[in-house]
Amino acid sequence: MSYLDGMVAAVPAANREKYIKHAADAAVVFKDHGAIKIMECWGDDVPDGKVTSLPMAVKKADDEVVVFAFIMWPDKPTRDAGWKAIMEDPRMQPGASPMPFDGQRMIFGGFQPVLEA
């Protein structure tokens, strides 16, 4: 069964085009190392919460937008090998493609699908 990496971040609204370019550049690297699908989503209806919410989780500022992304891999071993190769890939080294957002407020993780309908 496939394996997914998910990510949520706050991106300055003014950096939308820079974010899309950064994501497109990174997608090439992920696909080169085994990813089968990359989906990048710009927040459109992401409400603030009173107790928890995506904006609260990434400490979104007023001039920022919440983005959600996922990478689909064929399986976890491919994902694990892919991430190792990605971290060593010169295209992903610091300065190669600067992130147009605060990466310290990005949240991410790997997930095993339990239902696909």
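Ring pairs join Tyr19, Trp42 and Phe101 into a cluster. Rings of Phe, Tyr and Trp (its six-membered ring) pair if their centres lie within 6.5 Å; planes under 30 degrees apart count as stacked, over 60 as edge-to-face and the rest as tilted. This is a predicted model: local features need pLDDT of at least 70, side-chain atom pairs count only at pLDDT 80 or more, and totals for chains, interfaces and linings use all residues. Residues are numbered from 1 along each chain as its sequence is written, and side-chain values use heavy atoms, with hydrogens and water left out.

**Overall build**

- The chain has 3 helices and 4 strands. Helices (H or I, at least four residues) and strands (E, at least two) are DSSP runs, numbered from the N terminus.
- Starting at the N terminus, the order of elements is β-α-β-α-β-α-β.
- The radius of gyration is 15 Å, close to the 13 Å that the globule rule gives for 117 residues, so the chain is as compact as a globular protein of that length. That radius is taken over C-alpha atoms, and the globule rule is 2.2 Å times the number of residues to the power 0.38.
- The C-alpha trace spans about 40 × 35 × 20 Å along its principal axes.
- Among contacts between residues at least 6 apart in sequence, 82% join residues at least 24 apart. Contact means heavy atoms within 4.5 Å.

**Surface and charge**

- Of the 117 residues, 32% count as buried. Buried means under 20% relative accessible area, exposed over 50%, and partly exposed in between (1.4 Å probe, protein chains only).
- The accessible surface comes to about 7500 Å², and 60% of that belongs to carbon and sulfur atoms. The areas come from the Shrake-Rupley method with a 1.4 Å probe; for residues, only the protein chains shown count as cover.
- There are 13 positive and 17 negative side chains, and the centres of the two sets lie 1 Å apart. Lys and Arg count as positive and Asp and Glu as negative; His and the chain ends are not counted. Each charge is placed at NZ of Lys, CZ of Arg, CG of Asp or CD of Glu.

**Aromatic pairs**

- A search of the whole structure finds 5 aromatic pairs.
- The rings of phenylalanine 30 and tryptophan 73 have their centres 6.4 Å apart and their planes at 75°, so the pair is edge-to-face.
- Phenylalanine 30 lies in helix α1 (residues 16-32) and tryptophan 73 in strand β3 (residues 64-73), so the pair ties together parts that are 43 residues apart in sequence.
- Phenylalanine 30 is buried, with a relative accessible area of 9%. Tryptophan 73 is buried, at 0%.
- Phenylalanine 30 also forms an edge-to-face pair with tryptophan 83, at 5.2 Å centre to centre and 75° between the planes.
- This pair links distant parts of the chain: phenylalanine 30 is in helix α1 and tryptophan 83 in helix α3 (residues 76-88), 53 residues apart.
- Tryptophan 83 counts as partly exposed, at 27% relative accessibility.

**Strands β2 and β4**

- Isoleucine 38 sits in strand β2 (residues 37-42). Leaving out residues up to four places away in sequence, isoleucine 38 touches Ala27, Phe30, Lys31, Phe70 and Ile71.
- Glycine 109 lies in strand β4 (residues 107-111). Glycine 109 is buried, with a relative accessible area of 19%.
- Beyond residues up to four places away in sequence, glycine 109 touches Leu4, Asp5 and Gly6.
- Glycine 109 and aspartate 5 are 104 residues apart in sequence, yet 5.6 Å apart in space, C-alpha to C-alpha.

**Exposed residues**

- Lysine 21 lies in helix α1. Lysine 21 is exposed, with a relative accessible area of 52%.
- Lysine 59 sits in the loop between α2 (54-57) and β3. Lysine 59 counts as exposed, at 62% relative accessibility.
- Phi of lysine 59 is near 55°, a positive value in a residue other than glycine. Most residues other than glycine have a negative phi.
- Methionine 1 is in the segment before β1 (3-12). Methionine 1 is exposed, at 68% relative accessibility.
- Apart from residues up to four places away in sequence, methionine 1 touches Pro74, Asp75 and Pro113.
- Methionine 1 and isoleucine 20 are 19 residues apart in sequence and 29 Å apart in space, C-alpha to C-alpha.
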